[in-house]
Amino acid sequence: MTILPPDPDLDALRLELGRLRAERGWSYDELAARSGLARRTLIEIEQGRTIGTLKTWHALAHALDTPFDELFVTLCHEHDLPGAGYSSGS
């Protein structure tokens, strides 16, 4: 029997990107300049037309000065985080 992981909440991730950008008062142009990414790429990610690559999200996390894991925790918005049920046995 195969047990598949839950689907990642990609909408929550893109909305978090928009929230972080807006929280800083940055336009797409400002985030593009700080991240080295194309303005069009940022718009497409925030509007859900593309997911972006790991390298893209790494650049965004640095530009936003946000820990990578805190950014990606939004992927598990609708379900438990991996390892949440793990017990070290202590």
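How close do the axes of α2 and α3 come, and at what angle do they cross? Point 4 below takes up this question.

1. Basis of the note. This is a predicted model, in which local features need pLDDT of at least 70 and side-chain atom pairs count only at pLDDT 80 or more, while totals for chains, interfaces and linings use all residues. Residues are numbered from 1 along each chain as its sequence is written, and side-chain values use heavy atoms, with hydrogens and water left out.

2. Overall architecture. The chain holds 5 helices and 0 strands, in the order α-α-α-α-α; helices (H or I, at least four residues) and strands (E, at least two) are DSSP runs, numbered from the N terminus. Its C-alpha atoms fill a box of roughly 50 × 30 × 20 Å along the principal axes. Of its 90 residues, 33% count as buried, that is, under 20% relative accessible area with a 1.4 Å probe, protein chains only.

3. Helix α1. This helix covers residues 10-23 and spans 20 Å from its first C-alpha to its last, close to the 20 Å expected; the expected span is 1.5 Å times one less than the number of residues. Its buried residues are Ala12, Leu13, Glu16, Leu17, Gly18, Leu20 and Arg21. Their cover includes α2 (28-35), α3 (39-46), α4 (54-63) and α5 (68-72). After α1 comes Gly25, with a positive phi near 75°.

4. Helices α2 and α3. Their axes, which are lines fitted to C-alpha atoms over the stretch in contact, with angles from 0 to 180 degrees between N-to-C directions, come within 8 Å and cross at roughly 115°. The two helices are therefore roughly perpendicular, a term for angles of 65 to 115 degrees. Tyr28, Asp29, Leu31 and Ala32 of α2 meet Arg39, Leu42, Ile43 and Glu46 of α3, where contact means heavy atoms within 4.5 Å.

5. Helices α3 and α4. These pack at about 100° with axes 12 Å apart, and are therefore also roughly perpendicular. Thr41, Leu42 and Ile45 of α3 make the contact with Thr56, Trp57 and Leu60 of α4.

6. The nonpolar core. Such a core is a set of buried Ala, Val, Leu, Ile, Met, Phe, Trp, Tyr and Cys residues joined through side-chain atoms within 4.5 Å. The largest has 19 residues, of which Leu17, Leu31, Leu42, Trp57, Leu60, Leu64 and Leu71 touch the most other members. α1, α2, α3 and α4 each supply at least two residues, and α4 gives the largest share, 5 residues. Not counting residues up to four places away in sequence, Leu60 touches Leu17, Leu31, Ser35, Leu37, Leu42 and Ile45.

Notes:
Buried means under 20% relative accessible area, exposed over 50%, partly exposed in between (1.4 Å probe, protein chains only). Angles under 35 degrees count as roughly parallel, over 145 as roughly antiparallel, 65 to 115 as roughly perpendicular and the rest as oblique.
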